[in-house]
Amino acid sequence: MVFNIRGSKLEVTEAIKAYIEKRIGRLDKYFENPGEMKANVLVHPSGVSQVVEVTIPAPKVILRAEDRDKDLYTAIDGVVEKLERQIRKNKTKMKHKIHNERFTFMNMDFDITEEEENKNTIIKRKQVDVKPMSEEEAVLQMDLLGHDFFVFKNAEDGHIAVVYKRKDNNYGIIETHE
């Protein structure tokens, strides 16, 4: 795997780079051609915590995880565990899509437990009325409901949008376009 490791407001030493490459390198076993895969790693402080963000763009899918801890090495270990869990729990879904050649970059010769295979089933379906409103009104509605996201029709452009609460306690908006 090719690594692009950078630090924001933090110097990434050779020891840290070596540790990141060693730990994320464990994921090579999940890829058919790991030498062609690129891992983008960003390390930055957030308050008293160290944050490690890893993005691995692959054909038809992007693997991404983030972890934070007071100890940088613990955060690195945590982000690798999250990525591995993502790959393992979605193995069955990806394997079924292989006939479309969407996931041919993945090596599917690893075992998963029955518990990992049966996770992520849709247990509830809900229909919502999307009402035209401003982004500020949508944020207010979301906060009043106590949810982490809210679907609404943007009164300015008429498109369906989703407002969501970010980990940094700010808000983000996902907009749809036809």
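Reader: Why is Y73 called partly exposed?

Author: Happy to start there, and please keep in mind that this is a predicted model. The relative accessibility of Y73 is 32%. Buried would need under 20% and exposed over 50%, so Y73 counts as partly exposed.

Reader: What makes Y19 and Y73 an edge-to-face pair?

Author: Two values settle that, since a pair of aromatic rings is described by the distance of the centres and the angle of the planes. The ring centres of Y19 and Y73 are 4.8 Å apart, and the cut-off for a pair is 6.5 Å. Their planes stand at 80°, and over 60 degrees counts as edge-to-face, so edge-to-face is the label for this pair. The count of aromatic pairs comes to 1.

Reader: Which label does T55 get, buried, partly exposed or exposed?

Author: T55, a residue of strand β3, has a relative accessible area of 24%. That value falls between the limits of 20% and 50%, so T55 is partly exposed. Beyond its neighbours up to four places away in sequence, T55 touches K38, A39, N40, I62, L63 and R64. From T55 to N4 the C-alpha distance is 9.9 Å, although they are 51 residues apart in sequence.

Reader: What makes up the largest nonpolar core?

Author: This core has 26 residues, and I24 and I56 have the most contacts inside it. At least two residues each come from α1, β2, β3, β4 and α2, with α2 giving the most, 7 residues. Leaving out neighbours within four places in sequence, I24 is in contact with M1, F3, A39, V41, V54 and V80. A second, separate core holds 8 residues, including V139, F150, F152 and V163.

Reader: What is the lining of the largest pocket like by class?

Author: By class, the lining has 7 nonpolar, 2 polar and 3 charged residues. Among the lining residues are K126, D129, K131, Q141, H147 and F150. The largest share of the lining, 3 residues, comes from β6, and α5 (135–145) also supplies at least two. The space in this pocket is about 340 Å³.

Key. Residues numbered from 1 in each chain as written. Predicted model: local features only at pLDDT ≥ 70, side-chain atom pairs only at ≥ 80, totals over all residues. Heavy atoms only, no water. Phe/Tyr/Trp six-rings, centres within 6.5 Å; stacked < 30°, edge-to-face > 60°. Buried < 20%, exposed > 50% of the residue type's maximum accessible area, 1.4 Å probe, protein only. 1 Å grid on protein atoms, 1.4 Å probe; cavity = no way out; pocket = protein on both sides within 12 Å on 5 of 7 lines; lining within 4 Å. Points joined across faces, edges and corners; volume = space filled by probe spheres on them. Helix = DSSP H or I, 4+ residues; strand = E, 2+ residues; numbered from the N terminus. Nonpolar A, V, L, I, M, F, W, Y, C, P; charged D, E, K, R; others polar. Core = buried A, V, L, I, M, F, W, Y, C linked by side-chain atoms within 4.5 Å. Contact = heavy atoms within 4.5 Å.
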